[in-house]
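Reader: I have a structure open on my screen and would like to go through it slowly. Could you walk me through it?
Author: Gladly; here it is, for both of us to look at.
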Amino acid sequence: MRLSNEIIFQGVIDYLVEELEYIDVTINLWIKPMKILSIEDGLVTLLCEHDFKRNQVLRSYHGDLIEAFKIELERDDIELDFITKEELEAKEKEKQAEELEKKREADLAARRAEELPMVNPAYTFENFVVGSSNRVAYETSLLACRNPAEYYNPLFLYGPSGLGKTHLLFAIINEILDKRPDFKVVYITCEEFTNLLIDSISKKTDPMEFRSKFRNLDFLLVDDIQFLMGKKAVQEEMFHTFEALFNRGKQIVFASDKQPSELENIDKRLISRFSAGGVMDIQPPDTELRQAIFKRKAESYGVDIPNDVLLYLAENIRTNIRQIEGAIKTLKAYSLIGGEEISFPMAKRVLSEYLKKAEEDNVNSEKIIKYISMRYGVKMDDITGAKRDAAVKNARHICAYLMRTMLNMTFKEIGTILKRHHSTIMDSCDNVTERIKTSEKFKREMESIERELGN
Ligand code: ADP
Ligand code: MG
């Protein structure tokens, strides 16, 4: 049977008195005020009143105490540890703080799971690779996150699909959850907002509940706002939500694949609100930035990918960074299953199918030139050649514009393909954008081309 600590300590005292002839004064002054806190194997922790007494005990009675404990506990490996009341209290406080922190983390995880389950905790500002094409969007997101409603309100981020808009929204949320746990933050896609509104209108849920969910917030992030196009009732609700928050000095962030001036069939009041804070674009990354992003992604998947393979990926996956995740997972799976290290020849072999598939699914610059040359009856060679007659120029402008909008290519990259200076390409794109704005007929023409090419 295990003896209680009191009984053990009494045994120690008895030993000191009976065998080592300690006198009462010593026992009462130095030994008795102590208490056994714990015994773990041979390690006995004793609680002392304060530092002075501990020093005295250590100096004068340490050896005797060890001897007494050896006898009492019937083991040879006795070690003594002395801890003062003050230290014990500090330790307990530390433990409480640790428990509090654990609880905070558990609460945060629960809150995340309940309120923001879609927010990927890995999408942080640290994991966002910054280059010239996305720096402004990154920095303004950081500003909005750290100084809500002070600089850009609303903040409106726009850019083609797969270039990190949602990543930045999640980064804002992840930082707020961490640094401002008191903040009420809501992330919603425009589609979900629409569905919730429909539910509340069709009385499946209480309309007041819907309103209070979106109007009593500190921070609202609405993703893919382009889905508002043509939805009158949703726009109305979004407008009032916006006004309610904005007028109370709350930060709102929108993400869209179009800039406000390109959004059609949206209430003018909303468009003017969208444009009133800061409208920031994300441009397609150049090869160097793509390579850096791919490197970071590979690291986050715990895959070691050599630089030549990263370059190969960066050169072949151009339009949508999202595709990289599939490529990295494929490489990882092959190297795990086949036990083969990831190398350039291995990646080429393994990914050729994957990239071909991505290629087939996507339009590419060659497909665009081919299609436009057929549609407008000009030769493919002329589009990239020197001819300057109106029909060829028109076809060339449209090709440049489509490479820009559908493939997210940089002006320089388009210039290389069309054999033009990048400033000429910029002019071509402006020319088409302008005509889309001014001619309804031309606009429909372009829409039909994009549809045909997209399928
Ligand atoms: P969008 O919302 O603009 O369509 P996402 O934010 O969903 O694009 O980004 C697509 C993928 O690309 C995500 O996995 C995201 O983490 C990644 N990504 C995009 N840009 C970057 C970047 N600059 N640094 C790191 N990852 C990025
Ligand atoms: Mg997105």
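What follows is a conversation about the overall form and then about some single residues.

Reader: Before anything else, what kind of model is this?
Author: This is a predicted model, and the values I quote are computed from it.

Reader: Which domains does the assignment give?
Author: The domain assignment gives domain 1 at residues 5-84, domain 2 at 120-281, domain 3 at 287-361 and domain 4 at 365-454. Taken over C-alpha atoms, the centres of domain 1 and domain 2 are separated by 66 Å.

Reader: What share of the residues counts as buried?
Author: Of the 455 residues, 44% count as buried. As for the surface, the protein exposes about 24,800 Å², and carbon and sulfur atoms supply 50% of that area.

Reader: What about the charges, how many are positive and how many negative?
Author: There are 66 positive and 78 negative charges, and the mean positions of these two sets lie 12 Å apart.

Reader: Let me zoom in on domain 1, then. Where is Glu72, and what does it touch?
Author: Glu72 sits in helix α3, which covers residues 51-73, and, not counting residues up to four places away in sequence, Glu72 touches Ile8, Gly11 and Val12. Ile8 is 64 residues away from Glu72 along the chain, yet their C-alpha atoms are separated by 6.7 Å.

Reader: Is Glu72 buried, partly exposed or exposed, and why?
Author: Glu72 has a relative accessible area of 26%, and therefore it is partly exposed, since that class lies between the 20% limit for buried and the 50% limit for exposed.

Reader: What about Leu29, where is that one?
Author: Leu29 is in helix α2, and at 39% relative accessibility Leu29 counts as partly exposed.

Reader: Changing topic: which phi value does Glu21 have?
Author: Glu21 has a phi near 60°, which is a positive value in a residue other than glycine. Most residues other than glycine have a negative phi, and most peptide bonds are trans. Glu21 lies in the loop between α1 (5-18) and α2 (24-31), and with 67% relative accessibility Glu21 counts as exposed.

Reader: And Asp41, what is its phi and where does it lie?
Author: Phi of Asp41 is positive too, near 50°, and Asp41 belongs to the loop between β1 (35-40) and β2 (43-48). Asp41 counts as exposed, at 61% relative accessibility.

Reader: You mentioned peptide bonds; is the one from Asn153 to Pro154 cis or trans?
Author: That bond, from Asn153 to Pro154, is cis, with omega near 0°. Pro154 is found in the loop between α5 (135-146) and β4 (155-158).

Reader: Last one, then: which residues of helix α18 are buried, and what do they pack against?
Author: In α18, residues 411-418, the buried ones are Glu413, Ile414, Gly415 and Leu418. The buried residues of α18 pack against α11 (287-300), α15 (365-376), α16 (380-383), α17 (390-407) and α19 (422-438). Just after α18 comes Lys419, which takes a positive phi of about 55°.

Methods: Residues are numbered from 1 along each chain as its sequence is written. Chains are lettered from A and ligands numbered from 1 in the order in which they are written. This is a predicted model: local features need pLDDT of at least 70, side-chain atom pairs count only at pLDDT 80 or more; totals for chains, interfaces and linings use all residues. Side-chain values use heavy atoms; hydrogens and water are left out. Buried means under 20% relative accessible area, exposed over 50%, partly exposed in between (1.4 Å probe, protein chains only). Accessible areas come from the Shrake-Rupley method with a 1.4 Å probe; for residues, only the protein chains shown count as cover. Lys and Arg count as positive and Asp and Glu as negative; His and the chain ends are not counted. The place of a charge is taken as NZ of Lys, CZ of Arg, CG of Asp or CD of Glu. Helices (H or I, at least four residues) and strands (E, at least two) are DSSP runs, numbered from the N terminus. Contact means heavy atoms within 4.5 Å. Domain bounds come from an automatic or database domain assignment.
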